[in-house]
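Visitor: I am new to this structure. Can you show me how to read its features, one at a time?
Guide: Gladly. Have a look at it first.

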Amino acid sequence: MSLVRKKTIEQSIADTDEPEYQLKKRLTAIDLTVFGIGVIIGAGIFTLTGRAAKLYAGPGIALSFVLAAICCALAALCYAEFSSTVPVSGSAYTFSYFSLGEIFAWIIGWDLLLELMLGASVVSQGWSTYAKLFLDQIGLGWPDSIGPDSHVNVLAMLLVLVLATLATIGIKESLRVNLVLVAIKLFVVLFVIVAGLFYIKGSNLTPFVPPSVPAPGGGVDVTTPLFQAVFGFTPSTFGIMGLVSGASLVFFAFIGFDVVATTAEEAKNPQRDLPRGIIGSLAICTVLYVLVCIVITGMVKYSDINGEAALAEAFKSVGRGGFATLISAGAVAGLTTVVLTLMIGAARVVFAMSRDHLMPKQLGKTHPKWGTPYRLTIGIGVLVAIIAGVTPIGKLEEMVNIGTLAAFTLVSIAVPLLRRSRPDIKRSFRVPGNPVIPILAALICVYLMLNLSIETWIRFLVWMVIGFVIYALYGYRKSRVGIEQKTGEAQKA
């Protein structure tokens with residue numbers, strides 16, 4: 001039973017006052033909303049939209065985004081209740097510790113590390129593609145031998161290391177840079193929508209949901225969605241199954257609202273501002289995503305879309321190379337904010353785990369001047385840079401998605417459980433329709449997970465095995481909660 005030992009809510013809140021692990025409360029509702037928009041709008045619009053439309057859903061990719069948004073909205077309500085009730089760093093990891101128990105907290109913390117670190121790596125690779133395109137367009141260029149398609153993606157590595165340095169200096173300073181870049185990004189996205197409307201061809205949007213066709217190769221292989229393989233469906237793309245597979249892939253585009261919850265401990269008024277930041281950023285981004293999908297698939301036939309730089313290449317195809325340059329600049333700015341935010345989120349999750357001694361406690365200590373977990377931030381920056389530099393582009397998105405969906409599932413389940421076990425806690429925001437909404441959120445997340453490829457599931461299981469080994473050898477024995485419980489039992493005896 002010690003595997004499900006729980007940390008009390010009161011202890012979680014008390015831990016935030018420890019001097020060596022204390023974060024500065026500096027973030028407002030506007031900061032949190034910008035933080036969310038900064039990480040949500042990025043790879044989904046600038047890289048994944050084109051790839052998912054071309055390979056899975058055609059113009060119907062807009063519906064895939066709606067499906068993914070519904071799943072995220074349900075999960076967002078659960079995150080809003082937890083983060084505003086217990087404003088402590090760690091997001092889903094912290095929520096699970098006091099509602100489900102330590103082993104589930106570890107699982108989610110390990111999942112979040114997968115989500116955030118690989119997410120930062122994926123987006124930095126997308127950034128490098130647009131950065132090289134932009135440098136070529138303005139005449140500076142970048143050597144192919146160290147570019148996005150080389151064995152070592154130096155551009156992506158440089159970005160990560162610069163942003164890790166910025167995140168180490170301070171979160172408020174990071175968000176000032178983030179605010180400027182988000183403004184540029186929103187301008188470019190709105191420009192794409194307005195300018196692209198003049199180049200939409202109705203024929204490109206017909207049929208809106210292309211008929212289902214057998215997947216390349218025809219048979220079941222490691223790239224087949226698990227759901228299709230297990231239940232005997234003929235592997236296919238497009239059609240209804242293509243829409244669902246597309247939603248499972250573009251789900252990556254919505255990752256971000258949950259990252260807002262990782263900064264709960266640094267919010268000035270978390271009870272009021274966290275729900276606003278989480279739900280507001282998700283709503284704004286969903287509308288923009290759907291509009292961009294319609295514009296891109298209306299400008300270019302889905303089968304001809306460039307999967308790596310869809311927006312810029314779409315305008316090139318209609319003779320607007322100057323627009324393509326502007327879009328590339330916006331993508332460079334936009335993807336920068338995503339990488340920055342994901343790395344900050346990863347550092348805050350591991351910070352919470354180290355404060356609980358499930359990770360080495362020395363890692364989590366904050367800098368006396370900057371008030372950030374500087375050791376973690378630097379270490380995560382180096383790891384993300386290495387992954388981004390040597391991993392082939394397009395191999396990591398689904399791994400990010402499965403880790404995120406697993407975390408969303410457990411958080412959704414935890415809401416009704418905590419309502420029952422701790423009805424006494426004051427909740428400034430409550431998920432409506434409990435327990436129906438949280439259970440529905442969990443079921444949708446599981447279904448989307450099943451529509452990810454067999455290959456992704458194998459990699460995910462390997463990642464989880466590694467996590468369980470680390471927990472068994474270190475976390476279980478060093479756990480602060482476990483040691484305190486043993487000490488209390490010894491004193492009673």
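Guide: Start with one term: a residue is buried when its relative accessible area is under 20%, and exposed when that area is over 50%. Keep in mind that this is a predicted model.

Visitor: Is Asn451 buried or exposed?
Guide: Compare its value with the cut-off. Asn451 has a relative accessible area of 3%, so Asn451 is buried.

Visitor: Where is Asn451 found?
Guide: Look between two helices. Asn451 is in the loop that joins helix H17 (436-450) to helix H18 (454-478).

Visitor: What does the side chain of Asn451 reach?
Guide: The backbone oxygen of Tyr447, at 2.9 Å.

Visitor: Which residues does Asn451 touch, not counting those up to four places away in sequence?
Guide: Pro225, Phe227, Met241, Val244, Ser245 and Ser248. Hold on to Met241, Val244, Ser245 and Ser248. They are buried residues in H10.

Visitor: How many residues of H10 are buried?
Guide: H10 is mostly covered, with 11 of its 12 residues buried. Among them are Gly239, Gly242, Leu243 and Val250.

Visitor: What are the length and cover of helix H2?
Guide: Helix H2 takes in residues 29-40, and its 12 residues reach 16 Å from first C-alpha to last. That is close to the 16 Å expected. H2 is mostly covered too: 11 of its 12 residues are buried. The buried residues include Asp31, Thr33, Phe35 and Ile40.

Visitor: And what of H6?
Guide: Helix H6 (102-137) has 36 residues and reaches 52 Å, close to the 52 Å expected. H6 is mostly covered, as 32 of its 36 residues are buried.

Visitor: Which elements give two or more residues to the lining of the second largest pocket?
Guide: H6, helix H15 (374-390) and H18. The largest share, 6 residues, comes from H15.

Visitor: Which lining residues lie nearest the centre of the second largest pocket?
Guide: Of its 18 lining residues, Leu113, Met117, Leu383, Ile387 and Trp463 lie nearest the centre. By class, the lining has 15 nonpolar, 1 polar and 2 charged residues.

Visitor: What should I look for in the backbone angles?
Guide: Look for exceptions. Most residues other than glycine have a negative phi, and most peptide bonds are trans.

Visitor: What is phi of His357?
Guide: Phi of His357 is near 65°, a positive value in a residue other than glycine. His357 sits in the loop between helix H14 (321-355) and H15. At 18% relative accessibility, His357 counts as buried.

Visitor: Where is a peptide bond cis?
Guide: The bond from Thr206 to Pro207 is cis, with omega near -5°. Pro207 lies in the loop between helix H8 (171-196) and strand E1 (213-214). A cis bond also joins Asn434 and Pro435, where omega is about 5°. Pro435 lies in the loop between helix H16 (397-421) and H17.

Visitor: Let me try two residues more. Are Ile9 and Phe95 buried or exposed?
Guide: Ile9, in helix H1 (residues 9-15), counts as buried at 5% relative accessibility. Phe95, in helix H5 (residues 92-99), is buried with a relative accessible area of 0%.

Notes:
Residues numbered from 1 in each chain as written. Predicted model: local features only at pLDDT ≥ 70, side-chain atom pairs only at ≥ 80, totals over all residues. Heavy atoms only, no water. Buried < 20%, exposed > 50% of the residue type's maximum accessible area, 1.4 Å probe, protein only. Helix = DSSP H or I, 4+ residues; strand = E, 2+ residues; numbered from the N terminus. Polar contact = N/O pair within 3.5 Å; in protein donor to acceptor, adjacent residues only side chain to side chain. Contact = heavy atoms within 4.5 Å. Expected span 1.5 Å × (residues − 1). 1 Å grid on protein atoms, 1.4 Å probe; cavity = no way out; pocket = protein on both sides within 12 Å on 5 of 7 lines; lining within 4 Å. Nonpolar A, V, L, I, M, F, W, Y, C, P; charged D, E, K, R; others polar.
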